[in-house]
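Open the model in your viewer and keep the selection tool at hand. The stops below go from the whole chain to single side chains.

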Amino acid sequence: MTVTGIITAIIIGAIIGVLGRALAPGKQNIPIWLTIVVGIIAAFIGTAIAQAFDVSSTNGIDWIELLFQVVVAAVGVTLAANLYGRNRVHH
């Protein structure tokens with residue numbers, strides 16, 4: 001993977017993560033770096049799901065693939081917020 005590919009993955013992951021965070025119910029007390037990581041992972045999983053349904057390559061913007069990615073990100077952000085909140089020490 002090239003440096004450009006890594007930077008692109010981070011940018012796309014941030015966008016997917018923020019969109020997923022906006023869709024996730026309630027307040028998510030997780031840092032932005034975790035939102036980006038969830039977004040990157042969600043982008044890969046959403047693409048795999050779109051490929052499984054044979055909708056990953058369409059003319060123009062792949063809206064269905066993007067929808068899968070954002071929904072996976074929303075689920076991931078919700079899980080991360082629940083796990084991150086539990087593992088923190090409260091003083």
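How much accessible surface does the protein have, and what percentage of it belongs to carbon and sulfur atoms? The total is about 6100 Å², and carbon and sulfur atoms account for 70% of it. The model on screen is a predicted one.

**Whole chain.** Show the cartoon. The protein has three helices and zero strands, in the order α-α-α from the N terminus. Its C-alpha trace spans about 55 × 30 × 20 Å along the principal axes. Colour by burial next: 30% of the 91 residues count as buried. Among contacts between residues at least 6 apart in sequence, 61% join residues at least 24 apart.

**Helix H1.** Select residues 3-23. This helix of 21 residues reaches 30 Å from its first C-alpha to its last, close to the 30 Å expected at 1.5 Å a residue. Now pick out Gly13, Ile16, Gly17 and Gly20, the buried residues of H1. They lie on the same side of H1, because the arc they cover around the axis is only 105°. Turn to the other side of H1, where Val3, Thr4 and Ala22 are exposed.

**The largest core.** Select Ala24, Ile30, Leu34, Val38, Val77, Ala80 and Ala81. These seven residues make up the largest nonpolar core. H2 and H3 are the elements that give two or more residues to this core, and the largest share, three residues, comes from H3.

**Around Val38.** Centre on Val38 and display its contacts. Leaving aside residues up to four places away in sequence, Val38 touches Ala73, Gly76, Val77 and Ala80.

**The aromatic pair.** Finish with the rings. The count comes to one aromatic pair. The ring centres of Phe53 and Phe68 are 5.8 Å apart and their planes are at 15°, so the pair is stacked. It links distant parts of the chain, 15 residues apart: Phe53 sits in the loop between helix H2 (32-52) and helix H3 (63-87), and Phe68 in helix H3.

Technical notes
Residues numbered from 1 in each chain as written. Predicted model: local features only at pLDDT ≥ 70, side-chain atom pairs only at ≥ 80, totals over all residues. Heavy atoms only, no water. Helix = DSSP H or I, 4+ residues; strand = E, 2+ residues; numbered from the N terminus. Expected span 1.5 Å × (residues − 1). Buried < 20%, exposed > 50% of the residue type's maximum accessible area, 1.4 Å probe, protein only. Arc of directions from axis to C-beta. Contact = heavy atoms within 4.5 Å. Areas by Shrake-Rupley, 256 points an atom, 1.4 Å probe, with all protein chains shown as cover. Phe/Tyr/Trp six-rings, centres within 6.5 Å; stacked < 30°, edge-to-face > 60°. Core = buried A, V, L, I, M, F, W, Y, C linked by side-chain atoms within 4.5 Å.
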